[in-house]
Amino acid sequence: MSRIGKSPVAIPDKAKFALTGSHVSVSGPKGAIEWEVPSEITVNVDGGHVLVSRSSDLKRHRALHGLTRALIANMVEGVTTGFKKQLKIIGVGFRAELKGRVMIFYLGYSHPIVFNPPDGIKLELDPKENIVTVSGVDKGLVGATAAKIRSLRKPEPYKGKGIRYVDEHVTIKAGKTAG
C-alpha cells in the first residue's frame, strides 16, 4: 500500500470539497480548482477527510494512487492558503514593470519582453528589491509560470546576472586570468 496514498486528506472548514463521479472540485477563500480523477482510482469523502484507494496492485495503479492523493492535498492547500514563488532580478539595468496584469521585463536584450500570465496566476512586483512574486491556487501552474519567467534570462555563471529564485544559490565561476 502506498504510504502517501493511504493517508487521508483533511478538509478544513474554510474549504468546500465536491465529488461528482470522477470529477473533483475544491473551493475556498483563495479560489476554486477542478480535476478529473483517473478511472483506476476511487475517491471517497468520509466526514472531514478524503480517502483515496486503487483497484489493483498494478504498477500504474500504485503510481496513480500516491499522485492522486498528493494532487488532492495540493488542491485543498491551494484554495485555503495558496502557493507562491519569488524571483529576484539581478543585473545592472535589469528591471521589471507591472502594467495591469501584464509584466514587462527589461533584461538587457534589444527589446522589452512582455509577459502575459495565464488565468489564475497573480503577479506582484517589488520595484525596490526587483522581486517578482508569482501566486495562485494551482501549485503546478505557479511553478510552471515561475520557471517560464526564470527562462527569460537564466542566471549566468560568471557574474550571476539574470532571474533566479529568491532562495536559489548560483555558484559563480572564476573567469580567465591574465598570464
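**Close-up 1. A salt-bridge network joins Arg95, Glu97 and Lys99.** In this predicted model, the side chains of Arg95 and Glu97 meet in a salt bridge, 3.4 Å from N to O. A salt bridge here is a side-chain nitrogen of Lys or Arg within 4 Å of a carboxyl oxygen of Asp or Glu. Glu97 also meets Lys99, at 3.5 Å, N to O. Arg95 is partly exposed, at 39% relative accessibility. Glu97 is partly exposed too, at 24%, and Lys99 is exposed, at 52%. (Buried means under 20% relative accessible area, exposed over 50%, partly exposed in between; 1.4 Å probe, protein chains only.) Residues are numbered from 1 along each chain as its sequence is written. Local features need pLDDT of at least 70, and side-chain atom pairs count only at pLDDT 80 or more, while totals for chains, interfaces and linings use all residues; side-chain values use heavy atoms, without hydrogens or water.

**Close-up 2. Strands E8 and E9 form a hairpin.** E8 (residues 95-99) pairs with E9 (residues 102-106) in the antiparallel sense, over 5 bridges. Strands are DSSP runs (E, at least two residues) and helices likewise (H or I, at least four), numbered from the N terminus. Two strands pair if DSSP finds at least two bridges between them. Leu98 has Met103 in E9 as its bridge partner. The hairpin has 2 residues between its strands, and Gly100 in the turn has a positive phi of about 70 degrees.

**Close-up 3. Phe105 and Phe115 form an edge-to-face aromatic pair.** The ring centres are 6.5 Å apart, with 70 degrees between the planes. (Rings of Phe, Tyr and Trp, the last by its six-membered ring, pair if their centres lie within 6.5 Å; planes under 30 degrees apart count as stacked, over 60 as edge-to-face and the rest as tilted.) Phe105 is in strand E9 and Phe115 in strand E10 (residues 113-115), 10 residues apart. Both residues are buried.

**Close-up 4. Arg150 forms a salt bridge with Glu168.** The closest N and O atoms are 2.7 Å apart. Arg150 lies in helix H3 (residues 139-150) and Glu168 in the segment after strand E13 (162-165), so the pair ties together parts 18 residues apart in sequence. Arg150 is buried, at 19% relative accessible area. Glu168 is partly exposed, at 24%.

**Close-up 5. Charged ends sit over the rings of Tyr109 and Tyr165.** The charged end of Arg153 is 4.6 Å from the ring centre of Tyr109. For Lys85 over Tyr165, the distance is 5.6 Å. The criterion is NZ of Lys or CZ of Arg within 6 Å of the ring centre and within 35 degrees of the ring normal.
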